[in-house]
Amino acid sequence: MVPSNMSHRQTHNLLLISKLLSLRDTASPLTLLLDSLEQPATPLVKEYIRRARLSNVHVTLIAFETLKPLEGVDAFISGRRKSPSEILKDVAAAYQPDSSNTPNRRRLILIDSINPLLRSTRLDKNFHLSTFLSSFIIPSGSPTAKIDSSLVITFHLDVPGRPAQSPYAPDPLTVLTYLATTVIKLHSFSHILAQKAARDRSLVPPVFGLAEEQDGVLLGRLDKPIGKDSAEGGVVLEMEYRRKSGRGVLEWYLLPPASRYPPTQVKEVVTLLDDHPLYRPPEEVGGGDEEEPESTFELRLTERQRREREGVVLPYFDAQQGDGPGEGGRILYDMGEEDDFDEEEDEI
Amino acid sequence: MPSQPALPHLLAPYVSSPPQSSLTIVSSVLGATSNWLVLRFLYAALGNPSASNSGYDISGLENGKKKKVVLVSFLRGWEFWRSEAKRLGLDLARLTEKRRFAFVDGLSDLFSSSSTPSQSPLSSHQYPGAGAVPRTTLPIRPQPTPARLRQPVPLSTGSNGIASQTARESGPITKLHFSGSGVAALDALEKEIAAVINELVDTKLGDDRGESEIILVVDQSDLLLAATGASKGIGATEMGDWIMGLQQAAYATIATISADSPLIHNASAFAHEAPPPLETEHAAFAVGLAHRAEIIMQLRNLETGAARDVSGVLRVSKGSAWGQREIATAEESWEEKEVLYFVQRDGGVNVFGRGE
């Protein structure tokens, strides 16, 4: 591994996630969060809201699942029993951009779960997901206006979809992943660690929750099964960012639990998953190449011992000098200062 | 009376005070039903720890607020809940008179066209003769309970004399009636249940003063989904919206749902064949509810097979919505846990950890 390569990746990708989560320069107009019961997207959504508040972004939450508005949300729009066009109208009404001189506030539109909308039996045939989503981002009045809204959509992977209405229509998830400029899939850190531990031993990685297919199990996650203060809280983000050029950036990040940092912290809290000590333990300094058995005895040599051992002329070197039969092969030994001369032993 | 406390102490923190405007999901399978747990929720809200008969005045008073319960049941009738609660020392009929409890019957007349959907007292003339008897005998406890046969509770007799006697005891109970199709039909049901809730809130009867917390228990509403389905224009989204509407009317909501493997896993992404619509809708409803719940209590069979002294496993987890709450107060803090339980013949329940 080239260290400079690693540190380059570190800086670059950390800057990228910071830009994405803070909605800087509308780096990603459409972000798709793929979550499951095992790791809900709530911590990440809260992190989005926290950062939006820090940078004075107007937050709109379109709620299909949430009953009460989350803290920090400027406009709360219940999507219950509403048609897509009604939702669009409400969202547009929630924030009126100032036409005066001040630059508009940037806008974050969150959809807490798109599944109920996609499953609704009342959707008419004229509903097109791509049109619906793009009308959030591009204001209908002036197509040339600068885009300053970001859309973050949560999709539950474990809720089965509606059977396709037309055999040729793509699955809604396919459409969403195709449209999204950033796709973030969420994993639970403890599950990632358990799966890594299994892979390191060439075992089949364990599955959790619904994937266990056990009768009566919806949710496999237990908060803190072993110790109360395990450092395994946190959300692993598997991110795919599509650049304008079409190239993708893939990276795994770790978002620590919200209790670990103050809500006003500006410094980046997300780290690379590879940098986490539990995921990739730091290698031992200097002892990487040679594995030596551990015991209570000190079996390794000190630097000085190694130098002196290299200085010893072994008997067969002496024998090669060819001084004739009987000669050579002697043990040549220089007394060191710590050697204790013993008459009886050395008289032979 | 059961020998052990009606509310096992391991269970108490999870059932006694559901947080405000929360949704608690109790999932069950065929071999591990949720009736006992629903009764524990009722007991935690309505029960009187000191005495069973001498007034309910001190019970359910927490923070000066009275707890009241509305039970909407789609799989069990009034007789079942009344007799089961009696085994715990809860007199539901008397609590109904005291305006602490209301029962909404979603079983008896849900799809019968003769009865009116309005509130009507349960009396003998409402039963269309023998047709009512199979309905009231449907809900039999799944656990083998020979003790029940010795009890004087006339569950299976169903004669007219008994029914009218019940009417005197119970007072008005609401019977749901499904008519029409689609969202309009669900809205009508929601309105009826909301009317019952509102009646409990601002009742002038009884010894009611000050604020009250209404806890809504919706038992096995997946029956409604299974019985109507796409032909009536009702799917998982509509059902989820329906529960959400009910949530808005109550202080806290508890919903039970079936989580048997065929209902959940046939429609999962791991299945290869195209799943039938019932399974798809049920799985979407159940998983969608779990995504919205604060607390998820899962009941299942023991993995190692049937045992004489264990009825099943209860796992309590935090649902997706738990993370939306701000920093939990001291009374709301609880740990996720997995315990075993045993339902005894007398209806008492033992809850214990593995190996205890």
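A crossing counts as left-handed if the near helix is turned anticlockwise from the far one by less than a right angle, and as right-handed if clockwise.

This is a predicted model, in which local features need pLDDT of at least 70, side-chain atom pairs count only at pLDDT 80 or more, and totals for chains, interfaces and linings use all residues. Residues are numbered from 1 along each chain as its sequence is written, and chains are lettered from A and ligands numbered from 1 in the order in which they are written.

**View 1. H5(A) crossing H6(A).** Here H5(A) passes H6(A) in a right-handed crossing. The contact (C-beta atoms, placed from the backbone, within 7 Å) brings in Leu129(A), Ser130(A) and Leu133(A) from H5(A), and Pro172(A), Val175(A) and Leu179(A) from H6(A). Helices are DSSP runs of H or I, at least four residues, numbered from the N terminus.

**View 2. Confidence along chain A.** Mean pLDDT (the predictor's confidence in each residue, from 0 to 100) is 81 for chain A, with 82% of its residues at 70 or more. Residues 225–229 of chain A fall below 50, and beyond near neighbours in sequence this stretch has zero contacts in the model.

**View 3. Confidence along chain B.** Chain B has a mean pLDDT of 76, and 71% of its residues reach 70 or more. Its residues 50–63 sit below 50, with 15 contacts beyond near neighbours in sequence.

Conventions. Two residues are in contact if their C-beta atoms, placed from the backbone, lie within 7 Å. Helices (H or I, at least four residues) and strands (E, at least two) are DSSP runs, numbered from the N terminus.
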